[in-house]
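Please open the structure in your viewer and keep the selection tool at hand. The stops below state what to select next and what is found there.

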Amino acid sequence: MLPRKTKKIAIGKVVIGDKNPIAVQSMTKTKTSDVAATVRQIHALEQAGCQIVRCAVPDQASADALREIKKQIHIPLVADIHFNHKFAIQAAESGVDKLRINPGNIGDKNKIKAVVDAAQAHKIPIRVGVNSGSLEKEIKAKYKGHITAQGLVESALKNIKILEDLKFKDIVISIKATSVPVTIAAYKLLSKKVKYPLHIGITEAGIPEVGIIRSSVGIGALLAEGIGDTLRVSLTGDPVEEVRVAYEILKSLELIEAGITVISCPTCGRVEVDVAKIARQIYEKTRHITKPLKVAIMGCEVNGPGEAADADIGLACGKGVGLIFRNGQVVRKVPEREMVQAVLEEIERS
Ligand code: SF4
């Protein structure tokens, strides 16, 4: 899986595109005008490893809050603006690190030029965010009201051209649809037509139980093709969960090594201990650890020792006892009640 070669773009201190690591981002769900609540949520996101954060700017109070929010956070801030070019200009002047707009809904050419001038003056990029929910009427009509990959790409290219005609090329693009197959097809098509870095995700993916799966399938399929320079998992829920899921997707595809990866067997009729409980306890107690380690929790002596030995740290359970492996070697034999503690001690020692 070779990453697609894209243009390098700096979003504050985070550089995406070219061969840079895929950056994880999220979006606040507080009222942006409530500075204290928004900063609190951004700090929680920073703690979870979020690298870029976006805030919606739907009104004047939100635009006014950006400068103060920016002062109190440590990761790049993106202002998400629709329709109102004045908010975009104010955001640039307030020190945000990127603007997310849709040039098509900002207004006439003079208004777009004013936004581009502000982005240029403050040396910040613009993300063209095409979304199936806000596709231009004429493109929708051309495809008989259907959201198609071709339609989304046409919209993206049209919006990019507006910026390029103004000699602006510090561009990131997203082209999200609620349909997973349409999103995948659209990004694949777009990736053949432009060299700008792509922000990937499935829009309105749903509540976590559904959205995590839809996002993992869609984002995973794209990343597996080398497409995607930054990503956001969109969930109807806690944004910290979005970040956690984003890292799990990147870890699953071995695109990053970060934190503890707990693998565990599905269990079957051979199991003699509560593997689900042990694996969950170890997962919960090691979520704060950033060092990359693979920990295997296996239920019996059939596949247990082999898989456990393949991990950095492994637990192969038997009837009332477990063997602890470290780098393929058995280092301890412990009774069932001490299994979790023994694995945690080995993790601490690593
Ligand atoms: Fe069953 Fe053992 Fe495989 Fe777990 S490791 S699924 S208990 S055979």
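Begin by selecting E346 and R326, whose side chains meet in a salt bridge with an N to O distance of 2.9 Å. The model is a predicted one. E346 belongs to helix α13 (residues 339–349) and R326 to strand β14 (residues 321–326), so this pair ties together parts that lie 20 residues apart in sequence. E346 is buried, its relative accessible area being 2%.

Next, select E138 and K158, a salt bridge in which the closest N and O atoms are 2.7 Å apart. This pair links distant parts of the chain, with E138 in helix α6 (residues 137–142) and K158 in helix α7 (residues 149–165), 20 residues apart. E138 is partly exposed at 48% relative accessible area, and K158 is partly exposed at 35%.

Move to E68 and K71, where a salt bridge has its closest N and O atoms 3.4 Å apart. Both residues lie in helix α2 (residues 60–72), and their spacing of 3 residues separates them by about one helical turn. E68 is partly exposed, at 33%, whereas K71 is exposed, at 61%.

Finally, display helices α3 (residues 85–93) and α5 (residues 109–121), which pack at an angle of about 10° with their axes 9 Å apart. The two helices are therefore roughly parallel. Select H85, A88, I89 and A92 in α3 to see them meet K111, A114, V115 and A118 in α5. The residues of this contact comprise 6 nonpolar, 1 polar and 1 charged.

Terms used:
Residues are numbered from 1 along each chain as its sequence is written. This is a predicted model: local features need pLDDT of at least 70, side-chain atom pairs count only at pLDDT 80 or more; totals for chains, interfaces and linings use all residues. Side-chain values use heavy atoms; hydrogens and water are left out. Axes are lines fitted to C-alpha atoms, for helices over the stretch in contact, and angles run from 0 to 180 degrees between N-to-C directions. Helices (H or I, at least four residues) and strands (E, at least two) are DSSP runs, numbered from the N terminus. Angles under 35 degrees count as roughly parallel, over 145 as roughly antiparallel, 65 to 115 as roughly perpendicular and the rest as oblique. Contact means heavy atoms within 4.5 Å. Ala, Val, Leu, Ile, Met, Phe, Trp, Tyr, Cys and Pro count as nonpolar, Asp, Glu, Lys and Arg as charged, and the others, Gly among them, as polar. A salt bridge is a side-chain nitrogen of Lys or Arg within 4 Å of a carboxyl oxygen of Asp or Glu. Buried means under 20% relative accessible area, exposed over 50%, partly exposed in between (1.4 Å probe, protein chains only).
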